[in-house]
Amino acid sequence: MNAETSRPLLDVRDLRVTTSNGHPILHDVSFDVEAGSIVALVGESGSGKTVAARAAMRLLPKAITPVSGKILFEGNDVLKMTGSEIRKVRGAEIGMVFQEPMVSLNPAMTIGAQLVEGLRLHEKLSVEAARARASEMLERVKIPNPEACLAAFPHQFSGGMRQRIMLASVMLLRPKLLIADEPTTALDTLTQREVMEVMVDLTRTFGTSVLLITHNLGLVAQYAKKVFVLERGRLIESGPVEEVLHRPKEQYTRTLIDALPKRDHGRVPPAEAAPLIEARGVEVTFSGAGNMFSTAEKKLAVRGVSLGVRPGEVVAVVGGSGSGKTTLGRAMLGLLPLSGGDILFRGRPMASADRAAARDYRLQCQLVFQDPYSSLDPRQKIAEIVGEPLIHGPKLSGREKAERVSDILGEVGLAGLGDRYPHALSGGQRQRVAIARAVIRNPAFVVADEPVSALDMTIQKQVLDLFRKLQENHGFACLFISHDLGAVSRVADRIVVMQQGLIVEEGSVGQILDHPQHPYTQALLEATPTLGLAA
Amino acid sequence: MIRQPANLLIGSALLIFIGGMALLALFWTPYEPAAIKLVAKLKPPSAQFWLGTDEFGRDVVSRLMTGAVQSMTVAILTVAFAITVGTITGLIAGYTRGLVDRILMVFSDALLAFPGTLLALGLMVISGPNKYGIILALGIAYSPSVLRVVRASVLSAREREYVEASRVIGNSEFATMFRHVLPNCTAPIVVLATSMFGWVVLAESGLSFLGLGVPPPAPTWGNMLSAARTYIEKAPWLGLAPGICISMTLLGINLLGDALRDRFDPRMEQR
Amino acid sequence: MHALSKYVAKRLLWTLPTLLIVAVMVFFLVRMIPGDPAQLILGDSASPDELASLRANLGLDQPVAMQFLYWLGNVLRGDLGLSISNGAPVLPLMLDRFQVSATIVLIAVALATLIAVPAGLVAAWRQNEHVDVAIVAASTLLMSVPSFWLGLVLLLVFGLKLGWLPVVGYVPFTEKPWTAITYVILPVVTLMLIEVGVLTRMMRASAIEILRLEYVMHARAKGLSERKVLLRHVLPNAFAPTWTMIGLVLGGLLGGIAVLETVFTLPGLGRLLVDAIFARDYPVVQGCLLFTALIYVIVNLIVDLCYPLFDPRVTAS
């Protein structure tokens, strides 16, 4: 396109980074970003991809230092720049978008002040001119009513909007390179797509190159031109996206690719039968933060949902945040008071159930939580956590109990870890503990509330496979809640799509994935990152 | 992080020194702390009287040691009182929420509207100056702080998913509370108890300094300081020694508190 | 803004029950003292006629609830009764003494804040480096010294040994401003040193929290200098919790600094209360307790109402 193309915009060569006590984080990593292209740096948590990106702007914490190698930006070594030189590069030449939209904007400053601040730092502009530019940019990232937005504070916006504001703030300066560090990981599928589209569109317009840092190969396949794969601080594979994704050379890359959502027709749907558990016209209201002096307006989170789950059947409930899917799951377990409708368990309405029936219902239904970090009591050992439900089952001797616990730990692949505390386990291992706890009493019905959305892609796949295996072995019915149609297609027999507290579409996995009827389902499906070739 | 062992080391060394002084005083002091010997009054520090004598010729070292006993007993009993009352009410408030919680909160807010020692001052009007009056007064004054901390940690622990998990397993509310909520509140309670120990030592010596604490002739660091005011120019050692004892205790407590806080920092657990 | 006015209204309403309970407690505190309330209020020298008229006035033959309402009615009209010791009305007496305490406390806390905020910020910025270790050590040490002892030592050194400053007493600012300053220097410095420790540590702790957040990284990624990052992004956010702390400290101290006033023989509110306790001057005791609690509640109310300036999020939930 122009003469500069011969030399990459950003050229990282043999970068070695260690902690202050000499522990290596990056081992001689090299990668480059050509002008006007989107390049992905891929790896899982702990691979060092974030460190590599921050090193490019010299934004590493004090305890982490580059010890050798070069980071050439337009031919100048970033590592050798003086403080004031690097500050001229930051923002103006290289912009950065962060992962957590909730903490990446200053809560005490208006959006306008934060946008104008960066602009006026690098360009001589009057406040009015800067505000006009900021307003125009907010419009470009599709923020409705940009003028009002400038005067507002970050807490008044949703996660997806904040991420777009963040993008506007960075792109205002028209940097030559945008480093996007997991920019959409904290968002749900639909919002993720919105943000990515806006980002790609803006950077294309301004001719900005993008270094996209992600663990999601789906995003890479969709947007990037070139990819670099990092594993534990080492660059293991690189090349054009088509080539790396179609013909991976390394085992690790293959694992990453395998972890992408794939259609699976292996499940035989359970026989027609009366539903084990059934929601009939269920309504749940949330009264907001009420207090002594005011009663907050009531909000319907679930607005009359009817849904049955047959014994042994896995029903997936899919929807974006605020769709009421989590609330529905809790309501079906009897954890939330219903404001309308009823739950029927084994054909008996639970609203009027006697004590014994209610107890049976409570003990037969279990829940797997989303966040494996907060769902395990930090003060209990793994074996205690997993064994605790047995207190309420039939009386068992200490020996029998220990056997049951070690059996189930073996089944979830955690044999021998019973003596550990949760903090000594990885996220995936913790989620296995949570699953073991839910199934140890052989429940009839399990609600799995986004059980894998907090995990890396490869771990997601492992946990999903485990979940599926356990479901087949134990035969429990399951309500599988997720925002990700991809994850669901691996485990479900039937999919229910929810939007704003209502079921908008339901059908078999095949029906929903191949012939979605409702526009919301179609949008969800389109936003789901896949390799395209996998289906 | 770097300082943590130093905090722990210096803090516990100071407290062991003061505590040891108090323990020793239970069995032995160089002189009878209350023995008046007018011929030896206002003697500067010497080999005979290590820290000199006061206006009645009483040995300062012996009186400091006995004073340590007073301070430690008052502090331990007060903290025990405040923690017990505060934890029970805090658990009730955090657990029941609703009306009981609101009533307890209004009361604790009202009690907290008196700056700590001031409420104690007011309560001393009823009890008159004596040791158990102080313990009761300070205990009542400090329990609302415990209530708030316990309530807040109960409320935040209740939000954690493992508490919901306990309910899903089939545990009763009561079992959930004692098996999963309370054990996870101990860290903030321990940290609070530590700093409260310091507040009580300070408040008790302040009250004694004002003449509203443990009445003379029983020696306390506070009333020793108060008496020393009159002789501050003639016999400055009288004023220095008790102040240094109080400062050492508080410094020990503060350092130990920092070490505990670093240790219990929830972020250390997560990452 | 709607959310803001709602926040203000909520916060204002919340103080009412608190103040009511405070009044109840102060009222019953004196009632719980064994003996005839009229005798307690008028003192031992009162004549039987005076006693009888006060009994009628207090409604002692009425139920306790009615007695409380009489008393509360008087309090709301500003009538806190007469001092037993000198027969003066309690309210003007307290206001007079309050001026002395407030002057010292306000100056000391303002100075302490001016020192503590930058010190805490720098310590947090240079966490675990020498500057930080030194600042933390100094503030922990200051926090551990009792005010009355520090006052005594400063008095000994600067008042008695060096003779630079007057040792005891107080001169109102309205009379001889320069002399007045020399009298308040020692108490102000003592109090300031004590509070600097607490506030510095608070500021440091909250600044460390803020420095970890992504928006600070974002500010740096924009190309802002460290100075601007600290001043614009860290300081306002880290100051919010410190601001609450300042409220607590100020509210607590304004009610009187009895021990310091004793050391420096200042005619402040705290000393008034202590003297009244010794003299069994119950109307004054009641008045001081009530007044102090009121000050504390008002100061914290003001602090909370200013809080949205530092953290606009509080008006949301």
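1. Helices here are DSSP runs of H or I with at least four residues, strands are DSSP runs of E with at least two, and both are numbered from the N terminus. On that basis chain B has eleven helices and zero strands, and its pattern along the sequence reads α-α-α-α-α-α-α-α-α-α-α. The C-alpha atoms of chain B fill a box of roughly 80 × 45 × 30 Å along the principal axes. The model is a predicted one, in which local features need pLDDT of at least 70 and side-chain atom pairs count only at pLDDT 80 or more, while totals for chains, interfaces and linings use all residues. Residues are numbered from 1 along each chain as its sequence is written, and chains are lettered from A and ligands numbered from 1 in the order in which they are written.

2. One helix of chain B deserves a separate look, namely H5(B), which covers residues 131–159. Helix H5(B) has 29 residues and reaches 42 Å from its first C-alpha to its last, close to the expected 42 Å, where the expected span is 1.5 Å times one less than the number of residues.

3. Within chain C, helix H10 (residues 226–254) and helix H13 (residues 282–310) pack at an angle of about 170°, with their axes 8 Å apart. Axes are lines fitted to C-alpha atoms, for helices over the stretch in contact, and angles run from 0 to 180 degrees between N-to-C directions. The angle makes H10(C) roughly antiparallel to H13(C), a term used for angles over 145 degrees.

4. The contact between these two helices (residues count as in contact if their C-beta atoms, placed from the backbone, lie within 7 Å) includes Phe239(C), Trp243(C) and Leu250(C) from H10(C), as well as Tyr296(C), Val299(C) and Phe310(C) from H13(C). By class, the residues of this contact divide into twelve nonpolar, five polar and no charged. In this classification Ala, Val, Leu, Ile, Met, Phe, Trp, Tyr, Cys and Pro count as nonpolar, Asp, Glu, Lys and Arg as charged, and the others, Gly among them, as polar.

5. Between chains B and C, 35 residues of chain B are in contact with 35 residues of chain C. The elements of chain B that give two or more residues to this side are H3 (98–112), H4 (116–127), H8 (186–210), H9 (221–230) and H10 (236–264), and H10(B) gives the most, with nine residues. The side of chain B that touches chain C has 24 nonpolar, seven polar and four charged residues.

6. The contact of chain A with chain C takes 23 residues from chain A and 22 residues from chain C. On the side of chain A, helix H2 (83–89) and helix H3 (111–122) are the elements that give two or more residues, and the largest share, three residues, comes from H3(A). By class this side of chain A has 13 nonpolar, six polar and four charged residues.

7. Chain A contains an open sheet of six strands in the order E6-E7-E8-E3-E9-E10, with mixed pairing; two strands pair if DSSP finds at least two bridges between them. The edge strands are E6 (94–97) and E10 (234–240) of chain A, each of which pairs on one side only, and neighbouring strands are turned by 15° against each other on average, direction ignored. Helix H6 (residues 159–171) of chain A packs on this sheet, touching E6 and E7, and its direction makes about 170° with that of E6(A). Strand E7 (residues 177–181) and strand E8 (residues 209–214) of chain A run parallel and are joined by five bridges, with Val210(A) in E8(A) as the bridge partner of Leu178(A).

8. A further open sheet of chain A has four strands in the order E2-E1-E4-E5, with antiparallel pairing. Strands E2 and E5 (76–77) of chain A stand at its edges, each with a single partner strand, so one side of each is left without a neighbour in the sheet. Six bridges join E1 (residues 10–19) to E2 (residues 24–33) of chain A; Val17(A) stands opposite Leu26(A), and Thr18(A) stands opposite Pro24(A). The hairpin of E1(A) and E2(A) has four residues between the strands, and Gly22(A) takes a positive phi near 90° in this hairpin.

Key: Parallel < 35°, antiparallel > 145°, perpendicular 65-115°, else oblique.
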